[in-house]
Amino acid sequence: MTSACSMYSGFKPFIRIILISVILFAFSSFLFFAKADDGYLSAGLFVLDTWDASCGQIAHDTDNWEAGKHWSDAMAAHCQTYTNLNGLIASWATDNYRYTWGDADNHLEAFDISMIITHGGVYTANGTHRWAMLMQRETHDDSCLLCPGMSFPGHDLHDQMFLGETASDIEILHVFSCHSMEYYMNMIPNTWQYKAAENNYRSAFAGIHQINGMHGVSHTENGVNTPMRDLGSNGWSNSVAHQWVFQLSRNRGDHPDDCAISLACSDTSTHAWNVINYEQYDNRSNYPDIADPDFCVIIWQSGCDPDSAPALP
Amino acid sequence: MSAKRNRIISFFIVIAIFTIISSNSFSYDYLTPTVITKKYTIVPFYNSIDNLLKDCNSLGFDMQDAKVEYKQGCFVLENADFIFSISDEGFINYVSKSIKWFNIDDAKVSIADDDIYHSAYNILSALNVDIDDIGYSSVLRIHGQAFSTTNWEPVGPLMTTGFVFTAERQLDGILAYDSLAKIAFNADGELIDFSLNWPVVEAVLSEKIYLLPENVLKLEATDIISKLGDEAAFVDGTLAIIAIVIDGGNSELAIQYVYHFKTSNESFIKMGKLDPKL
């Protein structure tokens with residue numbers, strides 16, 4: 001009897017713990033899938049840590065995760081953060097404006113500020129070059145690659161990103177991935193901002209203020225944790241665009257450099273420059289959400305000379 | 001007399017044999033892996049408010065109305081003008097809250113690179129960085145350009161928003177890639193930002209660390225290349241540089257082998273950490 005009673009009295013708290021866990025999980029899930037127009041500031045981290053063997057190779061990049069965690073831990077001192085280890089699938093980054101199965105509004109775009117860390121490369125079709133990033137395979141999109149920009153009939157990449165067009169309203173996107181902001185071969189407009197009249201493609205800028213990426217090959221293994229942490233700390237007091245370029249670029253002398261580039265777009269070049277020079281994580285509301293902007297500004301460290309891409313001018 | 005002559009001849013024979021042996025051993029050394037005879041360790045860093053205040057004083061920062069707190073593994077000093085912090089690992093981070101970035105026509109920049117070097121070296125000296133330890137330094141401009149989204153043609157001139165000074169450390173002439181100083185200035189040369197990871201190190205002992213033979217290096221290189229997939233086709237790999245790497249997180253010393261790969265259409269360098277062979 002004693003033992004049964006003990007079992008019962010031990011079981012009751014266990015049930016309570018389970019119930020509390022379920023409630024907390026449901027609440028956190030609600031927060032995760034809630035859109036960010038509910039009054040609180042939020043930041044999301046999406047790291048591709050391991051991926052399908054059918055996407056070329058199996059890998060486990062703890063370096064990527066460590067780098068991202070340093071940023072999100074620093075952000076956590078200022079806002080609600082969500083971290084998604086191994087959380088990068090096509091639907092999470094694809095807008096449902098582009099494809100019905102796209103669910104970016106509840107994932108990548110559900111936050112005011114998001115960071116993607118994954119592998120990336122140059123994808124060439126019909127003589128045009130643009131950036132594509134690696135992700136986990138999904139049934140409704142058989143490709144392991146996602147491309148924000150132009151699409152070509154007969155090719156397996158689509159123009160999948162349309163950033164900031166809804167109340168979810170992502171305003172700053174960091175993309176730490178090789179070639180994600182490639183200066184040459186017209187890759188920045190081909191990837192993020194292509195709107196030549198004859199093609200009628202929409203800009204990926206649909207209200208987002210700035211996107212930050214890498215020219216050439218970038219490294220996570222060589223001391224990027226501290227710069228990521230400092231970006232997450234300093235971006236609340238200083239220009240995010242400049243913090244990205246300052247923290248994530250590294251001039252290594254006779255070794256290949258890491259070359260960060262920030263891109264901001266707006267209705268006028270003056271407004272785009274204002275985003276570059278003054279927008280912080282906490283003052284984003286000072287800058288308008290411009291869909292299909294007419295002007296963009298990029299900044300970079302001159303002479304930065306990375307792997308697998310020419311030196312910046 | 002004959003005995004004396006024999007002694008002289010014997011002396012020269014000994015000298016000749018010694019010379020031959022020496023020359024053989026030199027050839028042997030040339031064929032065998034390089035030897036490094038010095039190791040460094042990081043002197044443990046003990047974080048404290050005193051360190052923070054001392055560095056602020058050295059830099060001449062006005063600490064009026066500043067508050068100090070310990071959060072997320074850092075002592076942080078903050079006021080209306082700046083945030084200055086030192087982490088438990090000894091990493092220093094400063095960012096200005098009052099000095100702003102701005103863009104001006106690159107052709108009209110009046111600040112010279114030498115001005116930036118001068119300011120940067122003053123900051124490093126105030127933080128007790130031995131300038132003689134700097135093995136590589138550079139000043140790069142931060143450039144900016146506006147574009148029309150209709151045709152991606154430049155709008156307005158090339159702009160400059162500021163400068164970035166970078167310094168890498170060298171120990172005995174070998175770059176220690178995990179020691180780094182970066183300092184950012186706006187286009188007027190005003191300090192905006194710096195980060196410093198420059199641990200105190202000391203040479204502790206002489207020890208022979210034999211590097212891997214070239215054939216083993218090539219096997220390692222091939223393995224690295226195979227992991228790169230389609231990124232590059234391995235044509236040739238040679239040991240280009242030997243670098244001492246200070247791992248601040250673990251306070252350990254490792255040897256970093258740097259491979260210089262040549263592919264069919266380009267030349268690039270990859271780094272891979274291997275266990276030193278003692």
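Modeller: One term comes before the helices. Axes are lines fitted to C-alpha atoms, for helices over the stretch in contact, and angles run from 0 to 180 degrees between N-to-C directions. Keep in mind that this is a predicted model.

Biologist: Are α5(A) and α6(A) roughly parallel or roughly antiparallel to each other?

Modeller: Their axes come within 9 Å and cross at roughly 160 degrees. Angles over 145 degrees count as roughly antiparallel. Therefore α5(A) and α6(A) are roughly antiparallel.

Biologist: In which hand does α5(A) pass α6(A), and how do the residues of their contact divide?

Modeller: The crossing of α5(A) past α6(A) is right-handed. From α5(A), the contact takes Pro227(A), Asp230(A), Leu231(A) and Asn234(A). From α6(A) come Gln243(A), Trp244(A), Gln247(A) and Leu248(A). These residues divide into four nonpolar, three polar and one charged.

Biologist: Which element gives the most residues to the side of chain A that touches chain B?

Modeller: On that interface, 47 residues of chain A are in contact with 45 residues of chain B. The elements of chain A that give two or more residues are α5, α6, α7 (269–278) and β10 (295–301). With seven residues, the element that gives the most is β10(A).

Biologist: How many residues on the side of chain A that touches chain B are charged?

Modeller: That side has 19 nonpolar residues and 23 polar ones. The charged residues number five.

Biologist: Which residue of β8(B) stands opposite Ile298(A)?

Modeller: Strand β10(A) pairs with β8 of chain B, residues 134–148. The pairing is antiparallel and runs over seven bridges. Opposite Ile298(A) stands Gln145(B).

Biologist: Which residue of β5(A) stands opposite Gly121(A)?

Modeller: β4(A) and β5(A), residues 128–134, pair in the antiparallel sense over six bridges. Opposite Gly121(A) stands Ala132(A).

Biologist: What percentage of the residues in chain A are buried?

Modeller: Chain A has seven helices and 10 strands. Among its contacts between residues at least 6 apart in sequence, 72% join residues at least 24 apart. Of the 313 residues in chain A, the buried ones make up 56%.

Technical notes. Residues numbered from 1 in each chain as written. Chains lettered and ligands numbered in written order. Predicted model: local features only at pLDDT ≥ 70, side-chain atom pairs only at ≥ 80, totals over all residues. Contact = placed C-beta atoms within 7 Å. Helix = DSSP H or I, 4+ residues; strand = E, 2+ residues; numbered from the N terminus. Nonpolar A, V, L, I, M, F, W, Y, C, P; charged D, E, K, R; others polar. Pairing = 2+ DSSP bridges. Buried ≥ 20, exposed ≤ 12 C-beta atoms within 10 Å, placed from the backbone. Parallel < 35°, antiparallel > 145°, perpendicular 65-115°, else oblique. Left-handed = near helix turned anticlockwise from the far one by under 90°.
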